[in-house]
Structure formats: C-alpha cells, structure tokens
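This report covers charged side-chain contacts and strand pairing. The sequence and structure come next.

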Amino acid sequence: MAATTFRSRSITPHAVVLDEPVVGAIVPAWDGLLGVLPNRAPIVAQLGSGELRLDFADKGGAKGGSRAFFVDDGFVQMVEN
C-alpha cells in the first residue's frame, strides 16, 4: 500500500525545528520551486531563499492545514519516503 505521508524534518545548526509527518511540501530550491509528495524518487537539492510550505493531513476531527517557514540556504533530501 502506498504511503500517504512522509516524515519532514527541518534542522538548523542549533536545533531540530520540526519533525512531523506531512502530505506534501513546496520547497524553494536554488533553481526554482520543487514539489514533494509521498513516494517520490530520492533527491538531493540545494535550497534557495524563500517560503517552505508544508501541508499536513487531516487528523481525527481536525483539519490538517499548512505551515510556512522562510529558508535561506542549505539542502533538501528525500530518501526512503
């Protein structure tokens, strides 16, 4: 059965900022926006400056919604879903 979420971790040199399952992400890569969904092929990309948007699944009676973060430099990696 295909996964409906994947683990998203946002890490700075000082702390883990976020570590939660998400249903999708829009990532500002250095050469444009990168959409990430569950079961995507592995990838490593350099981040640019911009908004990282994470979409969360509905859980129980609560709507999932989205959260946005500003990122500036770094890397994004997708492995093993």
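## Salt bridges

The model is predicted, and it holds three salt bridges. In one of them Arg7 pairs with Asp19, with 2.8 Å between the closest N and O atoms. Arg7 is exposed at 53% relative accessible area, while Asp19, at 39%, is partly exposed.

Glu20 and Arg67 form another salt bridge, their closest N and O atoms lying 3.1 Å apart. Glu20 is in strand β2 and Arg67 in strand β7 (residues 66–72), so the pair ties together parts 47 residues apart in sequence. Both ends are partly exposed: Glu20 has a relative accessible area of 28% and Arg67 one of 35%.

A salt bridge also joins the side chains of Arg53 and Asp55, at 3.0 Å from N to O. Arg53 is partly exposed at 35%. Asp55 counts as buried, because its relative accessibility of 16% falls under the 20% cut-off.

Six bridges pair β1 with β2 (residues 16–22) in the antiparallel sense. The two strands form a hairpin with four residues between them, and Arg7 stands opposite Pro21 of β2.

## Strands β3 and β4

Strands β3 (residues 24–29) and β4 (residues 32–36) run antiparallel and are joined by five bridges. Two residues connect β3 to β4 in a hairpin. Ala25 has Val36 in β4 as its bridge partner.

Key:
Residues are numbered from 1 along each chain as its sequence is written. This is a predicted model: local features need pLDDT of at least 70, side-chain atom pairs count only at pLDDT 80 or more; totals for chains, interfaces and linings use all residues. Side-chain values use heavy atoms; hydrogens and water are left out. Two strands pair if DSSP finds at least two bridges between them. A salt bridge is a side-chain nitrogen of Lys or Arg within 4 Å of a carboxyl oxygen of Asp or Glu. Buried means under 20% relative accessible area, exposed over 50%, partly exposed in between (1.4 Å probe, protein chains only).
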